[in-house]
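I opened this notebook page to follow the charged side chains of one model. The entries below record what I looked up.

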Amino acid sequence: MAHVKTIFVAPEDSAPMEELDSVDAVEGGLSGDRYQTGRGYYSPYDVCEVTLIEAEAIDEIREEFGLDLTDGRHRRNVVTRGAEVHDLLHTTFRVGDALLRGTRPRPPCAHVEQVAGEEGVARALKNRRGGICADVVEPGTIRAGDELEVVEADPRTMGRKIVERLGL
């Protein structure tokens, strides 16, 4: 079962990520998060309303690089377990009461490493481990433990994923 493991927000650029039990997805992002309020490092030029990353990717990073990012130093909002977040690109999905749409991959940048204060974080988040961006389609509350459910998928994208998985 794909679900939300952890939720993080930061009130402003470079502030430590704060772990929450729940958060309201509102127009423009997650309530109180730096990008929703326009105080993010990349505001207003490169904004992701909501970012998602896989707990499995964080586990891989710990094993492969010896970096423990479970405290939110990955700078992503929603940590999932049991979902391949790249499969959510170009799909509309429900998380708790909110409806989101996956828009693009979220590759790591030098700023994430600078804020984390640990060398190798940006490199560790490469290779599809950096997560994705999503837009809020319908506001609602997201809670740790909520399931992720695809509501609508782009048939062209889904067809391509099936072909790739079958090796055709």
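I began with Asp-59, which is buried at a relative accessible area of 19% (buried is under 20%, exposed over 50%, partly exposed in between, with a 1.4 Å probe and protein chains only). The model is predicted: local features need pLDDT of at least 70, side-chain atom pairs count only at pLDDT 80 or more, and totals for chains, interfaces and linings use all residues. Residues are numbered from 1 along each chain as its sequence is written, and side-chain values use heavy atoms, with hydrogens and water left out.

I then looked up the partner of Asp-59 and found a salt bridge to Arg-81 at 3.0 Å, N to O (a side-chain nitrogen of Lys or Arg within 4 Å of a carboxyl oxygen of Asp or Glu). This pair joins helix α1 to strand β6 across 22 residues (helices are DSSP runs of H or I, at least four residues, and strands runs of E, at least two, numbered from the N terminus). Arg-81 is partly exposed, at 25%.

Next I turned to Arg-129, buried at 6% relative accessibility. Glu-64 forms a salt bridge with Arg-129, with the closest N and O atoms 3.0 Å apart. Here Glu-64 lies in helix α1 and Arg-129 in the loop between α3 and β9, 65 residues apart. I noted Glu-64 as exposed, at 53%. Arg-129 also meets Glu-60 in a salt bridge of 3.6 Å, N to O.

Finally I checked Arg-75, which is buried yet has no salt bridge. Its nearest side chain of opposite charge, Asp-13, is 5.6 Å away.

How values were computed: Lys, Arg positive; Asp, Glu negative; His and termini not counted.
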